[in-house]
Amino acid sequence: DLYDSSLLRLFAPASKTHCSATIMAATNPQAVQKLVADLKMMAAYETAADWRETKAMDGAFAAMSWDDASVKAALPEYLASSGADRAKVDYAFNALIPRPPQDIDGRQAVMHTWLKARLFSYNKAFPFQFSPY
């Protein structure tokens with residue numbers, strides 16, 4: 001699928017020799033699948049919010065990967081980060097979700113922060129390299 005292959009290029013590891021890359025490859029983290037699943041729930045939440053469908057909003061929010069230990073661990077690190085690492089994560093996030101959270105409720109902002117923490121964990125294991133083209 002074109003969308004998945006674009007994500008793979010966007011989040012390709014900088015080097016296969018990186019220690020974290022070896023560990024994550026051995027554990028099969030399903031990074032792209034988890035990211036796409038969360039993006040789908042984000043889109044479902046936003047669509048439901050546009051239509052004021054509270055049950056659908058609740059379902060999409062509940063279906064996020066809240067139990068993912070690697071994202072839980074990366075969340076405080078992302079929130080405390082600054083500089084180049086934070087800029088890379090924010091750049092990648094804005095490429096995936098270009099509009100800011102709506103003021104419907106705070107849950108959409110929480111979902112955005114969770115996705116940024118996911119991207120932060122990926123950048124930590126496989127540093128992002130963005131092409132200027």
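These legends walk through a few close-up views of aromatic rings and a helix contact. The model is predicted, so local features are given at pLDDT of at least 70 and side-chain atom pairs at pLDDT 80 or more, while totals for chains, interfaces and linings use all residues. Residues count from 1 along each chain as its sequence is written, and side-chain values use heavy atoms, without hydrogens and water.

**View 1. F61, W66 and W114 make up one aromatic cluster.** The whole structure holds five aromatic pairs (ring centres of Phe, Tyr or Trp, the latter by its six-membered ring, within 6.5 Å; planes under 30 degrees apart are stacked, over 60 edge-to-face, the rest tilted). F61 and W66 are a tilted pair, because their centres lie 5.0 Å apart with the planes at 45°.

View 2. Y78 belongs to helix α5 (residues 69-80) and F120 to helix α7 (residues 107-125), 42 residues apart; helices are DSSP runs of H or I with at least four residues, numbered from the N terminus. Both residues are buried (under 20% relative accessible area, 1.4 Å probe, protein chains only).

**View 3. Two charged side chains sit over rings.** R86 lies 4.1 Å from the ring centre of Y78, and K116 has its charged end 4.9 Å from the centre of F93. Here NZ of Lys or CZ of Arg must be within 6 Å of the ring centre and within 35 degrees of the ring normal.

How values were computed:
Helix = DSSP H or I, 4+ residues; strand = E, 2+ residues; numbered from the N terminus. Buried < 20%, exposed > 50% of the residue type's maximum accessible area, 1.4 Å probe, protein only.
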